[in-house]
Amino acid sequence: MYSYEQLRSAGEERFTTVSLIVVTHEGVLIGDGQGSVEETRLLVEHVGRLTDRPITHVVIGSDHGDHTAGNSALPADARYFAHPT
């Protein structure tokens with residue numbers, strides 16, 4: 001299990017967005033993406049340096065843009081878990 005942090009700016013404010021990475025025998029689970037497609041691509045590249053296993057599951061635990069704005073960079077064929085609203 002790993003965490004991944006990306007430092008972000010929102011105007012004058014600077015903060016980190018944290019994603020969870022769980023590597024299993026079957027594949028990789030990502031808990032929350034990052035705040036842009038570019039930042040989420042960096043997360044996916046980081047996962048590729050950790051393991052050759054594919055990202056198979058994504059848990060969307062936040063509805064905030066700093067965790068969801070880059071979700072389109074995650075694999076479309078992964079199984080997604082999110083609250084229906």
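**First stop: Asp 32**

Select Asp 32, which counts as buried because its relative accessibility is 12%; buried means under 20% relative accessible area, exposed over 50%, and partly exposed in between, with a 1.4 Å probe and protein chains only. This is a predicted model, in which local features need pLDDT of at least 70 and side-chain atom pairs count only at pLDDT 80 or more, while totals for chains, interfaces and linings use all residues. Residues are numbered from 1 along each chain as its sequence is written, and side-chain values use heavy atoms, with hydrogens and water left out.

Asp 32 is placed in the loop between β3 and α1. Its phi is near 70°, a positive value in a residue other than glycine.

**The whole chain**

Now display the protein chain as a cartoon. It contains two helices and five strands, arranged along the sequence as β-β-β-α-β-α-β. Helices (H or I, at least four residues) and strands (E, at least two) are DSSP runs, numbered from the N terminus.

The C-alpha trace spans about 40 × 30 × 20 Å along its principal axes. For 85 residues, a compact globule would have a radius of gyration near 12 Å, and the chain agrees with this because its own value is 12 Å. The radius is taken over C-alpha atoms, and the globule rule is 2.2 Å times the number of residues to the power 0.38. Of the 85 residues, 34% are buried.

**The nonpolar core**

Select Tyr 4, Ile 21, Val 28, Ile 30, Leu 43, Val 47, Ile 55, Val 58, Leu 74 and Ala 78: these 10 residues form the largest nonpolar core. At least two core residues come from each of β3 (28–31), α1 (37–50) and β4 (55–59). Such a core is a set of buried Ala, Val, Leu, Ile, Met, Phe, Trp, Tyr and Cys residues joined through side-chain atoms within 4.5 Å.

Which residues does Leu 43 touch, not counting residues up to four places away in sequence? They are Tyr 4, Ser 19, Ile 21, Ile 30, Asp 32, Gly 33 and Gln 34, where contact means heavy atoms within 4.5 Å.

Move to Pro 54, in the loop between α1 and β4. Pro 54 is partly exposed, with a relative accessible area of 48%. Beyond its neighbours within four places in sequence, Pro 54 is in contact with Gly 27 and Val 28. A C-alpha to C-alpha distance drawn from Pro 54 to Leu 29 gives 9.0 Å, across 25 residues of sequence.

Next select Thr 56, in strand β4. Thr 56 counts as partly exposed, at 22% relative accessibility. Leaving out residues up to four places away in sequence, Thr 56 touches Glu 26, Gly 27, Val 28, Ala 78 and Arg 79.

**Last stop: Asn 71**

Finally, select Asn 71, in the loop between α2 (65–68) and β5 (79–81). Is Asn 71 buried or exposed? It is buried, with a relative accessible area of 16%. Apart from neighbours within four places in sequence, Asn 71 is in contact with Gly 33, Thr 40, Ile 60 and Tyr 80.
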